[in-house]
Amino acid sequence: MNSPLKNKSYAFAIRIVKLSQSLYTEKKEFVLSKQILRCGTAIGALIREAEYAQSKPDFVHKMNIALKEANESDYSN
């Protein structure tokens, strides 16, 4: 099933990968580029993982972790 959340998190991950590559190659910023790549791509992975949660509390927990990664990405940007 296609969902707006999955589509947007995937598009965001693509933009994060491009940003990370730019930081790494053009600015020679190695630490920040790795951190933004990690937290920015984790969002979509956690949303996908939440689809197969074992229970409603497990789903909520995984989505909360995705939200934390989104907040970290926002801070890093």
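1. Gly40 is found in helix α2, helices being DSSP runs of H or I with at least four residues, numbered from the N terminus. Gly40 is buried, at a relative accessible area of 0%; buried denotes under 20% relative accessible area, exposed over 50%, and partly exposed in between, with a 1.4 Å probe and protein chains only.

2. The model is predicted: local features need pLDDT of at least 70, side-chain atom pairs count only at pLDDT 80 or more, and totals for chains, interfaces and linings use all residues. Residues are numbered from 1 along each chain as its sequence is written, and side-chain values use heavy atoms, with hydrogens and water left out.

3. Neighbours within four places in sequence aside, Gly40 contacts Phe12, Ala13, Ile16 and Ser73, where contact means heavy atoms within 4.5 Å. The C-alpha atoms of Gly40 and Glu72 are 8.2 Å apart, although 32 residues separate the two in sequence.

4. Leu46 also lies in helix α2, which comprises residues 30-51. Leu46 is buried, with a relative accessible area of 14%. Residues up to four places away not being counted, Leu46 touches Lys62, Ile65, Ala66 and Glu69.

5. In α3, the buried residues are Asp58, Lys62, Ala66, Glu69, Ser73 and Ser76. They cover an arc of only 75 degrees around the axis, which puts them on the same side of α3; the arc is that of the directions from the helix axis to the C-beta atoms. Their cover includes α1 (4-25) and α2. On the other side of α3, Lys56, Pro57, Lys68, Asp74 and Tyr75 are exposed.

Conventions. Helices (H or I, at least four residues) and strands (E, at least two) are DSSP runs, numbered from the N terminus.
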